[in-house]
Amino acid sequence: MFKDLFQKKKYATVPSASVHDDRPKREIPEGLMNKCPKCGTIQYHKELEKNLKVCSHCGHHLRLNALERIEMTLDEGRFFEYDTDIVSEDPLGFPDYMKKLKQQQAKSGLDEAVITGEGTIGGFPVVVAVMSFNFFTGSMGSVVGEKITRAIETAMQKQYPLIIFSTSGGARMQESILSLMQMAKTSAALAKLHEAGGLYISVFTDPTTGGVSASFGMLGDINLAEPGALVGFAGRIVIEQTIRQKLPDEFQTAEFNMKHGQIDLVVPRKDMRQTLIKLIELHTVKGDVTHGG
């Protein structure tokens, strides 16, 4: 499977009871156990994976990378990737940017913060774009914007439903205005898709902020989100300092956004695939997919 191609086994040494103890040190694979970042429950990594990386104790949805998301969403994880030859450059000569890009690629096993392509879900052909927070915090630079725009255009050309899984810390500052212009570019492409009658389902995952939430993220015909996902534009502290008011504890959660009409439905990860299939099925008439507008 996709994620197996990029897993690296690391080991952590457990110290002996005494510094003078000459017994061989035991080696335990790192990652054998996982601690839930919300409730602190310790769980076996394999059990957590079986539960789609959702804490069995509190239901917290741990973050997935793009490859894991593709594997659990598309039929048998089969996927044809688009635009694998598009890579980031350093148009502004930002200090150490290329070095940091290579570090992010080595750390994440990905070439960029988004993977685009096509596959089937429930037998329906779809175009998908899946962002990954573990690559530069899912920041949107020129390549991310270009790949998503091309995916939108391909969905329009092939008349396939479009599904975008978003997660992002915002625009990539190392590309400045070239990054910010991707907001307008992706939004314009989605306007054309809408005019052509295409179906676009936007799925928010934790966290989705900044320019991504303020552009293609919020422009779905149907906007879904995973439970507890942080979805917003500016951060809580910035907003509180600006309006000089204390915000509710649940502010910018997926549930808060749904309550206030920004998101249509909060869907647990275990139900996401079937929900997507049902939505596509509901918008399919005699083999043609139409938007919900």
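Arg 273 is partly exposed, with a relative accessible area of 26%; here buried means under 20% relative accessible area, exposed over 50%, and partly exposed in between (1.4 Å probe, protein chains only). Its partner in a salt bridge is Asp 75, with the closest N and O atoms 2.9 Å apart. A salt bridge is taken as a side-chain nitrogen of Lys or Arg within 4 Å of a carboxyl oxygen of Asp or Glu. Asp 75 lies in the loop between H2 and strand S5 (80-81) and Arg 273 in helix H9 (residues 269-282), so the pair ties together parts that are 198 residues apart in sequence. Helices (H or I, at least four residues) and strands (E, at least two) are DSSP runs, numbered from the N terminus. Asp 75 is buried, at 12% relative accessible area.

The model is predicted: local features need pLDDT of at least 70, side-chain atom pairs count only at pLDDT 80 or more, and totals for chains, interfaces and linings use all residues. Residues are numbered from 1 along each chain as its sequence is written, and side-chain values use heavy atoms, with hydrogens and water left out.

The count of salt bridges comes to 16. Another of these pairs is Glu 112 with Arg 172, at 3.0 Å from N to O. Glu 112 sits in the loop between helix H3 (97-108) and strand S6 (114-121), and Arg 172 in the loop between strand S8 (162-168) and helix H5 (176-195), 60 residues apart. Glu 112 is buried at 3%, and Arg 172 is buried at 2%. A further pair, Glu 240 and Arg 236, has its closest N and O atoms 3.5 Å apart; the two residues are four apart in helix H7 (residues 236-243), a separation of about one helical turn. Salt bridges also link Asp 83, Glu 146, Arg 150 and Lys 185 in a network.

An unreviewed UniProt entry places the feature "binding site" at Cys 36, Cys 39, Cys 55 and Cys 58; UniProt positions are given in the numbering used here, feature names are shortened, and annotations may be inferred rather than shown by experiment. These residues span 23 residues in sequence, yet no two of their C-alpha atoms are more than 8.7 Å apart, so they gather at one spot.

Cys 36 is buried, at 3%, and Cys 58 is partly exposed, at 30%. Is there a bond, or what separates the sulfur of Cys 58 from the closest cysteine sulfur? That sulfur belongs to Cys 36 and is 3.6 Å away, too far for a bond. With a disulfide defined as a pair of cysteine sulfur atoms within 2.5 Å, the count comes to zero.
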